[in-house]
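Please open the structure in your viewer and keep the sequence panel beside it. This tour goes from one selection to the next, and at each stop it says what is there.

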Amino acid sequence: MFYEQRMSVPETPTDLRAEYDDQLASIVDRHGLETALDRTGVDRDSLEALLEGDSPEFSLEEAAEIQALESDAPDAETIETMACEHLLLGMTTAVLDVDAVESHLEIDLDAKEVQQKIERRAPMSFAEYVHLQHVIAGRSQ
């Protein structure tokens with residue numbers, strides 16, 4: 001589950017995203033497309049793309065809503081909070097500041113944006129989350 005503390009990551013952010021897309025697609029498949037549409041804010045096209053093996057654009061909040069469909073998962077807000085808290089914890093473990101995280105990112109975020117997103121003061125896409133997690137967990141290995 002993407003919101004759990006990671007101590008290791010695959011070689012690339014793309015591999016990590018594929019792992020999470022597979023997990024999220026499995027959740028949607030088990031619960032059904034209509035249930036996912038009713039219980040999340042994710043649009044039909046994105047959910048269908050996920051089921052077809054694509055990597056659609058959605059927010060961390062929307063990924064959390066999909067994850068929260070699982071009966072043993074916390075609610076979406078708790079999942080989102082835990083995901084960001086684990087990023088902060090990972091930064092502490094790896095002794096990284098936002099400048100160090102920025103310098104290793106393969107996407108265009110500056111240190112201020114990194115901090116705002118991790119602290120949940122700015123919205124975060126799921127792709128941004130995956131890239132941040134890849135950098136942070138990858139440095140704590």
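**First stop: Leu16**

Begin by selecting Leu16, which lies in helix α1; helices here are DSSP runs of H or I with at least four residues, strands are runs of E with at least two, and both are numbered from the N terminus. Before going further, note that this is a predicted model, in which local features need pLDDT of at least 70 and side-chain atom pairs count only at pLDDT 80 or more, while totals for chains, interfaces and linings use all residues. Residues are numbered from 1 along each chain as its sequence is written, and side-chain values use heavy atoms, with hydrogens and water left out.

Is Leu16 buried or exposed? Leu16 has a relative accessible area of 0% and is buried, where buried means under 20% relative accessible area, exposed means over 50%, and partly exposed lies in between (1.4 Å probe, protein chains only). If you set aside the neighbours within four places in sequence, Leu16 is in contact with Arg6, Val9, Pro10, Val130, Gln133 and His134, contact meaning heavy atoms within 4.5 Å.

Asp15 is partly exposed, at a relative accessible area of 40%. From Asp15 to Arg30 there are 15 residues in sequence and 23 Å in space, taken C-alpha to C-alpha.

**Second stop: the whole chain**

Zoom out and colour by secondary structure: the chain has 8 helices and 0 strands, and reading along the sequence gives the pattern α-α-α-α-α-α-α-α. The radius of gyration, taken over C-alpha atoms, is 15 Å, close to the 14 Å that the globule rule gives for 141 residues, so the chain is as compact as a globular protein of that length; the rule is 2.2 Å times the number of residues to the power 0.38. Along its principal axes, the C-alpha trace spans about 45 × 25 × 25 Å. Of the 141 residues, 48% count as buried. Among contacts between residues at least 6 apart in sequence, 63% join residues that are at least 24 apart.

Select α5, residues 76-94. Which residues of α5 are buried? They are Ala76, Ile79, Glu80, Ala83, Cys84, Leu87, Gly90, Met91 and Ala94. Seen down the axis of α5, these buried residues fall within an arc of 130°, so they line one face of the helix; the arc is that of the directions from the helix axis to the C-beta atoms. On the face turned away from the buried side, look for the exposed residues Glu77 and Thr92. The cover over the buried residues of α5 includes α4 (60-67), α6, α7 and α8.

At the start of α5, show the side chain of Asp75, where an oxygen reaches to within 3.1 Å of the backbone nitrogen of Glu77. Just after the helix comes Val95, with a positive phi of about 55°, although Val95 is not a glycine. Val95 sits in the loop between α5 and α6 and counts as exposed at 71% relative accessibility.

Next select α7, residues 111-118, where Ala111, Val114, Lys117 and Ile118 are buried. Looking down the axis of α7, you will find its buried residues within an arc of 130°, so they line one face of the helix. They pack against α5, α6 (98-104) and α8 (126-139). The N-terminal end of α7 is capped by Asp110, with a side-chain oxygen 3.1 Å from the backbone nitrogen of Lys112.

Just after α7, Arg120 takes a positive phi of about 65° although Arg120 is not a glycine. Arg120 is found in the loop between α7 and α8 and is partly exposed, with a relative accessible area of 37%.

**Last stop: His131**

Finally, select His131 in helix α8, which counts as buried at 16% relative accessibility. Leaving aside neighbours within four places in sequence, His131 is in contact with Pro13, Leu105, Glu106 and Ile107.

Notes. A polar contact is a pair of N or O atoms within 3.5 Å; within protein, one must be able to donate a hydrogen and the other to accept it, and residues adjacent in sequence count only if both atoms are side-chain atoms.
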